[in-house]
Amino acid sequence: ALADGLLALSASRRYRVPLVLIIQDLMGSAAEQSGVAGGTKVAAATGKLEMWMCRHATQIGVVATGFRDRLIQSGVSAEKVHVTRNWSHIGEPTVSRADIRARLGLPLDRFIALHAGNMGLKQGLDYIIDAARIARGTSPDTLFVLMGDGNQRERLQQMAVDLDNVRFLPPQDEEVFPSILAASDVLLVSQRPTVIDMSLPSKLTSYFTVGRPVIAAVSPQSETAKVIAESGGGLLVDPSDS
């Protein structure tokens, strides 16, 4: 968080020790691109404060190449910015496909497209609900599962109230989370088309860990698209075309 970085900068100056920042999200870009009401009004000020902080850091680790480019363009020395990829935080699947589907009440004979994680504005999950509506006629064996929570979940459930090919699951324990991913047929990443270089979804490394193909409905200019292309682990589709 930006406040944490500023607090760390203050401490490093007081105690005369080096400051190392690990950047998971660019707050200035997030305010501009996430779709949060009023975000564009604070984006410029937030971005300036963020870059001022980064210019005073001793070393910086960023999780995506686009973050590095943005920092350098803003006057941060290239020599102190290092791309440090996130590692996966989940273990190996421990429950069989049949058992985990039975436990969650998911049919064994359906093709499951799973989105796991936050259900917020940034994710643009309306398109998945719209895709499910289309799929009733074109791919009736496909079941769309949205697992997680967020401030858009209730609205999405209302959108899908008449769809029998959409299921919602609550967040799951770490113990079974990898098994649920592995029991799916395809894993979904969705982002608003405006999301480009503000963040990199942490779900990607989890998805890759279980070896399931990924469908990423994201901007082709986004950091997510770059990682999908570099990994060869999935397909990119138009995030605005249900």
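Strands β8 and β9 (residues 234–237) pair in the parallel sense over four bridges, where pairing requires at least two DSSP bridges between two strands and strands (E, at least two residues) and helices (H or I, at least four) are DSSP runs numbered from the N terminus. Within this pairing, Val 214 stands opposite Gly 234 of β9. From β8 the chain passes through helix α10 (residues 223–231) to β9 in a right-handed β-α-β crossover, that is, a clockwise path from the first strand over the helix to the second when the strands point away from the viewer. Strand β8 (residues 214–217) is also joined by four bridges to β7 (residues 186–190), again in parallel, and here Val 189 has Ala 216 as its bridge partner.

The model is a predicted one, with local features needing pLDDT of at least 70 and side-chain atom pairs counted only at pLDDT 80 or more, while totals for chains, interfaces and linings use all residues. Residues are numbered from 1 along each chain as its sequence is written, and side-chain values use heavy atoms, with hydrogens and water left out.

Turning to charged pairs, the structure holds six salt bridges, each a side-chain nitrogen of Lys or Arg within 4 Å of a carboxyl oxygen of Asp or Glu. Among them, Asp 185 pairs with Arg 97, with closest N and O atoms 2.9 Å apart. Asp 185 lies in the loop between α8 and β7 and Arg 97 in helix α5 (residues 97–104), so this pair ties together parts 88 residues apart in sequence. Arg 101 is buried at 1% relative accessibility, whereas Arg 97, at 33%, is partly exposed; buried means under 20% relative accessible area, exposed over 50%, and partly exposed in between (1.4 Å probe, protein chains only).

Ser 184 is buried, with a relative accessible area of 3%. Leaving aside neighbours within four places in sequence, its contacts (heavy atoms within 4.5 Å) include Arg 97, Arg 101 and Arg 212.

A further salt bridge joins Asp 126 and Arg 155 at 2.7 Å, N to O. This pair links helix α6 (residues 126–138) with helix α7 (residues 153–159), the two residues being 29 apart.
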